Amino acid sequence: MTAAFTPPAGKEVLGHPRGLWYLVSAEVGERFSYYGMQALLVLYLTQYLLLPENSERVARFVPFRLFLEGIYGELATPVTLAAAITGLYSAGVYFTPLIGGFIADRWLGRTMTVTLGALFMVAGDFLLAFDVLFVAAISCLFIGVGLFKGNIATQVGELYGPDDLRRATAFQTY
């Protein structure tokens with residue numbers, strides 16, 4: 001069990017512990033990354049990366065495609081392949097936090113797990129700038145979201161005592 005984070009006394013912003021605002025900012029960054037990726041991924045894939053002359057340069061793309069076809073069946077066109085990749089990405093964002101919560105509870109603790117998750121997400125977003133590293137980038141995003149998403153909300157609750165009436169407002173703000 002990880003000890004609850006207790007901010008220094010008197011260090012409040014707008015009536016809430018300073019830590020709440022750090023957590024809210026981190027969550028905003030994660031949501032920006034997710035929804036930005038969701039909005040642009042199909043366009044990027046269909047209009048650029050999945051064109052034959054570009055997809056040949058992507059490291060580990062053939063095994064990745066075979067993995068996807070094992071799940072979805074034959075993906076004959078760039079549009080169906082892009083939809084499968086986007087679907088896998090969306091599913092991973094909601095499935096991997098179960099694994100991240102387990103990792104935090106058993107080994108790393110919530111704070112370290114959230115920190116590592118944020119670093120993996122930043123690395124994944126950075127790696128997307130390089131075509132050849134697309135599969136690595138998606139993998140980093142899966143790992144990062146898994147470590148981050150399932151553990152950050154619990155930290156909001158740890159900022160307040162069980163009888164603190166500000167707790168409900170904090171979760172609404174978050």
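Trainee: To start with, how many helices and strands does the chain have?
Mentor: The chain of this predicted model has seven helices and two strands. Read from the N terminus on, the order of the elements is β-β-α-α-α-α-α-α-α.

Trainee: What box do the C-alpha atoms fill?
Mentor: Taken along the principal axes, the box is roughly 60 × 30 × 25 Å.

Trainee: And what share of the residues is buried?
Mentor: Of the 174 residues in the chain, 41% are buried.

Trainee: What about contacts between residues 24 or more positions apart?
Mentor: Such residues account for 67% of the contacts in the chain with a separation of 6 or more.

Trainee: Let us turn to helix packing. How is a pair of packed helices described?
Mentor: One gives the angle between the two axes and the distance between those axes.

Trainee: At what angle do H1 and H6 pack, then?
Mentor: Helix H1, residues 18-49, packs with helix H6, residues 134-158, at an angle of about 155 degrees, and their axes are 11 Å apart. The two helices are therefore roughly antiparallel.

Trainee: Is their crossing left-handed or right-handed?
Mentor: The crossing of H1 and H6 is left-handed.

Trainee: Which residues make that contact?
Mentor: The H1 side includes Leu20, Leu23, Ala26, Glu27, Met37, Leu41 and Tyr44. Among those on the H6 side are Phe134, Leu141, Val145, Phe148, Lys149 and Ile152. By class, the contact of H1 with H6 comprises 14 nonpolar, two polar and four charged residues.

Trainee: H6 also packs with H7. How far apart are those axes?
Mentor: The axes of H6 and helix H7, residues 166-173, are 9 Å apart, and the angle is about 150 degrees. H6 is thus roughly antiparallel to H7. The crossing of H6 and H7 is right-handed.

Trainee: Which residues meet there?
Mentor: Ala153, Val156 and Gly157 of H6 meet Arg167, Ala170 and Phe171 of H7. That contact divides into four nonpolar residues, one polar and one charged. Val156 of H6 is also among the residues in the contact with H1.

Trainee: And H4 with H5: where do they sit on the angle scale?
Mentor: Helix H4, residues 78-108, and helix H5, residues 110-127, cross at roughly 130 degrees, and their axes come within 8 Å. H4 and H5 are therefore oblique to each other, and they would count as roughly antiparallel at an angle over 145 degrees. Their crossing is right-handed.

Trainee: What residues are involved in that one?
Mentor: From H4 there are Gly100, Ala104, Asp105 and Leu108, which meet Arg110, Met112, Thr113 and Leu116 of H5. The classes in this contact are four nonpolar, two polar and two charged.

Trainee: New topic: how many aromatic pairs are there?
Mentor: The count comes to nine aromatic pairs. In one of them, the ring centres of Phe61 and Phe64 are 6.3 Å apart with the planes at 55 degrees, so this pair is tilted.

Trainee: Where do those two residues lie?
Mentor: Phe61 and Phe64 are both in helix H3, residues 61-72, three residues apart, about one turn of the helix. Phe61 and Phe64 are both buried.

Trainee: What kind of pair do Phe102 and Trp107 form?
Mentor: Phe102 and Trp107 form an edge-to-face pair, with 5.5 Å centre to centre and 85 degrees between the planes. Phe102 counts as partly exposed because its relative accessibility is 43%. Trp107, at 62% relative accessibility, counts as exposed.

Trainee: Which residues do ring pairs link into a cluster?
Mentor: The cluster consists of Tyr34, Tyr35, Tyr89, Tyr94 and Phe142, linked by ring pairs.

Trainee: What about the backbone: what is phi of Arg60?
Mentor: Phi of Arg60 is near 65 degrees, which is positive in a residue other than glycine. As background, most residues other than glycine have a negative phi. Arg60 is found in the loop between helix H2, 52-55, and H3, and at 60% relative accessibility Arg60 counts as exposed.

Trainee: Last one: is Pro17 buried or exposed?
Mentor: Pro17 counts as buried, at 3% relative accessibility. Pro17 is in strand S2, residues 16-17. From C-alpha to C-alpha, Pro17 and Tyr160 are 8.4 Å apart in space, although 143 residues apart in sequence.

Key: Residues are numbered from 1 along each chain as its sequence is written. This is a predicted model: local features need pLDDT of at least 70, side-chain atom pairs count only at pLDDT 80 or more; totals for chains, interfaces and linings use all residues. Side-chain values use heavy atoms; hydrogens and water are left out. Axes are lines fitted to C-alpha atoms, for helices over the stretch in contact, and angles run from 0 to 180 degrees between N-to-C directions. Helices (H or I, at least four residues) and strands (E, at least two) are DSSP runs, numbered from the N terminus. Angles under 35 degrees count as roughly parallel, over 145 as roughly antiparallel, 65 to 115 as roughly perpendicular and the rest as oblique. A crossing is left-handed if the near helix is turned anticlockwise from the far one by less than a right angle, and right-handed if clockwise. Contact means heavy atoms within 4.5 Å. Ala, Val, Leu, Ile, Met, Phe, Trp, Tyr, Cys and Pro count as nonpolar, Asp, Glu, Lys and Arg as charged, and the others, Gly among them, as polar. Rings of Phe, Tyr and Trp (its six-membered ring) pair if their centres lie within 6.5 Å; planes under 30 degrees apart count as stacked, over 60 as edge-to-face and the rest as tilted. Buried means under 20% relative accessible area, exposed over 50%, partly exposed in between (1.4 Å probe, protein chains only).
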